[in-house]
Amino acid sequence: MGKYYLNYLDELEAESIYILREVWAQFRNPVILFSGGKDSIVVTRLAQKAFYPLKVPFPLLHVDTGHNFPATIAFRDNLSKGLNTQLIVASVQESIDQGRVLEEKGKNATRNSLQITTLLDVIEEKRIDCAIGGGRRDEEKSRAKERIFSHRDIFGQWDPKNQRPELWHLYNGGYQEGEHFRSFPISNWTELDIWNYIKREKIEIPSLYFAHKREVLWRNDSWIPFSSFLEIDKGEEVVSKKVRFRTLGDITITGGIESECDDINKIIQEVAAMRNTERGNRSDDKRSETAMEDRKKQGYF
């Protein structure tokens, strides 16, 4: 009998589809954490494939800080409408208005960590028992510690030393009342894998990933897009640069890179030659050596 070999993208896709089906089988009320970025878009496409010809069975959950790129919000709305899938929007601004969180002030203020409370509130309100995320192990050192089924305690917190073994692709989704899980179907993908898959599947993505002339200023060793949310210091100058973004977050913290990559093929070539991680231009991750892990332990994505 002849041997059958999977292309490496087919192998990654098959693993992710298996994980998504395991989530559906083991949990009662799972959702996809959808940011409008390339990773959550790929996870959503994989969910389409996993349950075809039925529609995606998971609602899309977006934690809206109010400081998103307008293009990201427009993309989110168009995609959920096209999929005929429920979109749950949890508002950080509402959390601020209700006194649940206190907004940061100053030049380097960000609403990034405020998402923790908003996310945990909506998980409790909607009784969500599994939130499916687009985190990958190659992104950042704390994400490399994540299990594919990542346990959260009754406070929504993550303890990297108290996680379930995952031998032979066996995932344990057992939890006590009040606990929940995060699941990461594309944990074993790399940034280059994501782009090759986007190219192969002809997946539509926000134009922010492509190089265009944009109004930016130099801060925290990257080009931050100019917006009404920024406090500009003396000596900082808004200039026009041809930049693109490797990862999308709030407009106030997402740093761009100078690039000429205006199509998928050029991006793939550029990413293949890079040696720094895509989150290297996120100013929220530069606050300390353990910034991401500290947030994750409190309940962050």
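Helices (H or I, at least four residues) and strands (E, at least two) are DSSP runs, numbered from the N terminus. By that count, the chain has eight helices and ten strands. Its radius of gyration, taken over C-alpha atoms, is 19 Å, close to the 19 Å that the globule rule gives for 301 residues, so the chain is as compact as a globular protein of that length. The rule is 2.2 Å times the number of residues to the power 0.38.

This is a predicted model, in which local features need pLDDT of at least 70, side-chain atom pairs count only at pLDDT 80 or more, and totals for chains, interfaces and linings use all residues. Residues are numbered from 1 along each chain as its sequence is written, and side-chain values use heavy atoms, without hydrogens and water.

Now the whole chain. Its C-alpha atoms fill a box of roughly 65 × 50 × 35 Å along the principal axes. Of the 301 residues, 53% count as buried, meaning under 20% relative accessible area with a 1.4 Å probe, protein chains only.

UniProt, in an unreviewed entry, places "domain: Phosphoadenosine phosphosulphate reductase" at residues 29–254. Such annotations may be inferred rather than shown by experiment. The span is 25% helix and 19% strand, and its end C-alpha atoms lie 31 Å apart.

Next, an open sheet. Four strands follow the order S8-S7-S9-S10, with antiparallel pairing; two strands pair if DSSP finds at least two bridges between them. Strands S8 (222–225) and S10 (257–258) stand at the edges, each with a single partner strand, so one side of each has no neighbour in the sheet. Two bridges join S9 (residues 239–244) to S10. Valine 243 has glutamate 258 in S10 as its bridge partner.

Terms used:
Buried < 20%, exposed > 50% of the residue type's maximum accessible area, 1.4 Å probe, protein only.
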